[in-house]
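Please open the structure in your viewer and keep the selection panel at hand. The tour below moves from one selection to the next and says what is found at each stop.

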Amino acid sequence: MTLHIRLDGQTDLTGQIYRQVRRAILDGRLRPGDRLPPSRELARTLSVSRLTVTIAYERLAGEGFVRTAAGSGTFVSSAMAGQKRDEAPAIQAADAISPRPIWDTVVLPTAFDRPAIYDFRTGLPDGALFPHRSWRRLVGRELRAAETSAMIYGQPGGASLLRSAIARHVAVSRGIDASEDRILITSGTQQALDIVARVVLTPGDTIAVEDPGYEPPRHLFRSLGLQVAGVPVDHEGIVVDRLPNDARAVYVTPSHQYPLGVVMSMRRRRALLQWAERRDALIIEDDYDSEFRFVGRPLEPLQTIDAAGRVIYVGSFSKTLSPSIRLGFLFAPASLLPALRKAKYVSDWYAPELLQNVLGNFIAGGGFARHIRKAGAVYRSRRRLIEAAIRRDFREHLDVVPSETGLHLTATAKHLSAAELELVAGRARERGVAVHRLVSFAVTEAPRAGLVLGFGAIRTDQIEPGLKILHECFR
Ligand SMILES: Cc1ncc(COP(=O)(O)O)c(C=O)c1O
């Protein structure tokens, strides 16, 4: 391992090396059994004589910090390691630079750190349904191809293979007439929103979001200096009449509103498009959860009924495949593409090429469509179980919000207040049942009381026992 030692001036070089290695052992940076760099090598790195290093090592050995094994090197001994964490650090950690106050308002999603026994949280597809075998084969193929190709940086817009596969996929599944040149590959929806906001909006601009709604984009927009305006959602989707006059953009989830689950009606879609045209505004359409459709015919995406070029369509593979792939895409008017590619370039240049090619081949080879059908059938049966149980066993307390797609169901409280439901959810959590509360998605509207039940992560046979416990927690 490379050991960082900083020598100051030309005096007491042995002492400086001794003290810094000693400190690294005491504060645990060097652990028992770690091998110190050979004296010859360290001497060369520090431009000192080998004797300078040898004497420092001998002193450390004499005090029991290290032991020397003839022929194999000098090792940290277990007795002293990590014993004195309170020793003053070499350089005082400075508090001189603080983050902007906006970061105090962002809470990292720690909820995902602790696994639940009955996991009804949203946003988590089932790992057991992931197409592991096909994926392994395709990754192997990419790695083999990489053995003979140059290691070069990728294109900010994304790999052509993946862009054309997505273009064909959305053309078939969503009726979107996408050319691959207008698709940009991103690290999930979140980065798509980041790039769009940077390219189109100016700090101080207002962006409207659904209330209740998906939280991470709100933090993102605020961190970019935008004003975020929550707009209520009813059974037809975002209430267009309540959009602020000065909004330059609106972020919506029309296929499966997150978290309520309602589908935006065609009437509302048209009203939203008219509003955008009138106000010279942009619509960001997050086609969240559209792939897993259980009842009815899908409504046209906003993007396909937009005649004025005001919609940017965003998709993600986090729910359909896995959040760990961290790939998504956006489809934008041609006029924006050059700037969007530049924004991707200055952000993180491009998404990992290997994964892009694996995903591109997976989609192009028909694996993705097969996976959606297979996983969709499992999710459909889970959803049916949950919906039936809520209508039957929880009818005294909860109303199911009608919805047609996706990986979660929302139920609003009939009589209980948000605070009372909070207690129910807390009692359930203690008994290993994880559910989201509707209030946690509120922006500014008076929060509605309700529960949001995901069925991506929970095994089918765990649903009934989990709901039984949840039901007991209402008493
Ligand atoms: C409304 C909504 N859109 C998109 C996503 C996916 O985001 P990403 O692609 O950044 O993982 C989520 C994940 O929970 C979501 O709730």
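In which loop is S47 found? Select S47 and you will see that this residue is found in the loop between α2 (39–46) and α3 (50–62), where helices (H or I, at least four residues) and strands (E, at least two) are DSSP runs numbered from the N terminus. Phi of S47 is near 55°, which is a positive value in a residue other than glycine.

Before going further, note that this is a predicted model, in which local features need pLDDT of at least 70 and side-chain atom pairs count only at pLDDT 80 or more, while totals for chains, interfaces and linings use all residues. Residues are numbered from 1 along each chain as its sequence is written, and side-chain values use heavy atoms, with hydrogens and water left out.

Next, select P212, which is found in the loop between β5 (206–211) and α7 (215–223); the peptide bond that leads from D211 to P212 is cis, with omega near 5°. Then move to P259, in the loop between β8 (247–252) and α8 (266–279), where the peptide bond from Y258 to P259 is cis as well, with omega near 15°.

The ligand is surrounded by 13 residues, and the closest are T189, D286, S316, S318 and K319. By class, this shell has four nonpolar, six polar and three charged residues, and helix α6 (residues 188–200) gives the most to it, with three residues.

Show the side chains of D286, S318 and K319 in turn. A polar side-chain atom of D286 lies 2.6 Å from a nitrogen atom of the ligand, a polar side-chain atom of S318 lies 2.7 Å from an oxygen atom of the ligand, and a polar side-chain atom of K319 likewise lies 2.7 Å from an oxygen atom of the ligand. The ligand taken alone exposes 400 Å², and the protein buries 93% of that (accessible areas come from the Shrake-Rupley method with a 1.4 Å probe).

Finally, colour the chain by domain, with bounds from an automatic or database domain assignment: domain 1 (13–80), domain 2 (118–125 + 372–472) and domain 3 (131–369). The C-alpha centres of domain 2 and domain 3 lie 26 Å apart, and 28 residues of domain 2 are in contact with 37 residues of domain 3, contact meaning heavy atoms within 4.5 Å.

Key:
Near = heavy atom within 4 Å. Polar contact = N/O pair within 3.5 Å; in protein donor to acceptor, adjacent residues only side chain to side chain. Nonpolar A, V, L, I, M, F, W, Y, C, P; charged D, E, K, R; others polar.
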